[in-house]
Amino acid sequence: MKTSVAIYPGSFDPVTNGHLDLIERGEKMFDVLIVAVLRNAEKQPLFTVPERVEMLREVTKEWRSVEVDVFDGLLVDYARKRGAAVILRGIRAVSDYEYELQMALMNRKLEPRLETVFMIPGEPYSYLSAIAQHGAPLKGLVPAIVEARLRAKMS
Ligand code: ADP
């Protein structure tokens, strides 16, 4: 029997209900779903990587097949290391498409056996982009524990 392992990579700075919507869909589809936080030295993050991981673990603890991890370097190398065959990404609007297409094609060039799967979040989350860019807590768009952490950071 095949065990399907998928990786859902991203910054998750912080995790939003849009991300959770995708995790919930992915959890139903794959045997193991690894939510992988990219350690990116270039970006100016709102939350540190350990803070993001902690929040992700808290809000995904009900799903036994969901794991939260950190990676750096090439995603294809990380996927090989974890034995994953699928990269899961979300597409909200047309504006996401160009960037995601380029990344998926690049990853396919680097590792042809790795398939990128795109999912569309629930409609209310389609307009939701990185909270860090807004710089304000958005009620109903992030899990309650994340809202509290955002509030503490802003005050
Ligand atoms: P990245 O910097 O890699 O885009 P993000 O944390 O912004 O990291 O996003 C990680 C993944 O989650 C991406 O595939 C992105 O398209 C998807 N995503 C971001 N926001 C939402 C949302 N509101 N609903 C569903 N998917 C989303």
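Tutor: Let us begin with a count, keeping in mind that this is a predicted model: a search of the whole structure finds 15 salt bridges.

Student: What is the general idea behind such a contact?

Tutor: Side chains of opposite charge can pair when their charged atoms come close. A case to look at is D21 with R25, whose side chains meet in a salt bridge with 2.6 Å from N to O.

Student: Where do D21 and R25 lie?

Tutor: Both lie in helix 1, which covers residues 17-29, and they are 4 residues apart, about one turn of the helix. D21 counts as buried because its relative accessibility is 12%, under the 20% cut-off, whereas R25, at 37%, counts as partly exposed.

Student: Which residue forms a salt bridge with E147?

Tutor: The partner of E147 is R151, and their closest N and O atoms are 2.5 Å apart. Both belong to helix 6 (residues 144-154), where they stand 4 residues apart, about one turn of the helix. E147 is buried at 10% relative accessibility, while R151, with a relative accessible area of 47%, is partly exposed.

Student: What do R82 and D69 tie together?

Tutor: The side chains of R82 and D69 meet in a salt bridge, 3.1 Å from N to O. R82 lies in helix 3 (residues 75-82) and D69 in strand 3 (residues 66-71), so this pair ties together parts that are 13 residues apart in sequence. R82 is partly exposed at 26% relative accessibility, and D69 is partly exposed at 21%. Salt bridges can also be linked into a network, as they are for D77, R80, E111 and R113.

Student: Turning to strands, how should I read the directions of the side chains?

Tutor: In a regular strand the side chains alternate between the two faces of the sheet. In strand 1, V5, I7 and P9 point one way and A6, Y8 and G10 the other way, and all of them are buried.

Student: Which strands pair with strand 1, and in what sense?

Tutor: Strand 1 pairs with strand 2 (residues 32-38) in the parallel sense over 6 bridges, and P9 has A36 as its bridge partner there. Strand 1 also pairs in the parallel sense with strand 4 (residues 86-90), over 2 bridges, with V86 as the bridge partner of A6.

Terms used
Residues are numbered from 1 along each chain as its sequence is written. This is a predicted model: local features need pLDDT of at least 70, side-chain atom pairs count only at pLDDT 80 or more; totals for chains, interfaces and linings use all residues. Side-chain values use heavy atoms; hydrogens and water are left out. A salt bridge is a side-chain nitrogen of Lys or Arg within 4 Å of a carboxyl oxygen of Asp or Glu. Buried means under 20% relative accessible area, exposed over 50%, partly exposed in between (1.4 Å probe, protein chains only). Two strands pair if DSSP finds at least two bridges between them.
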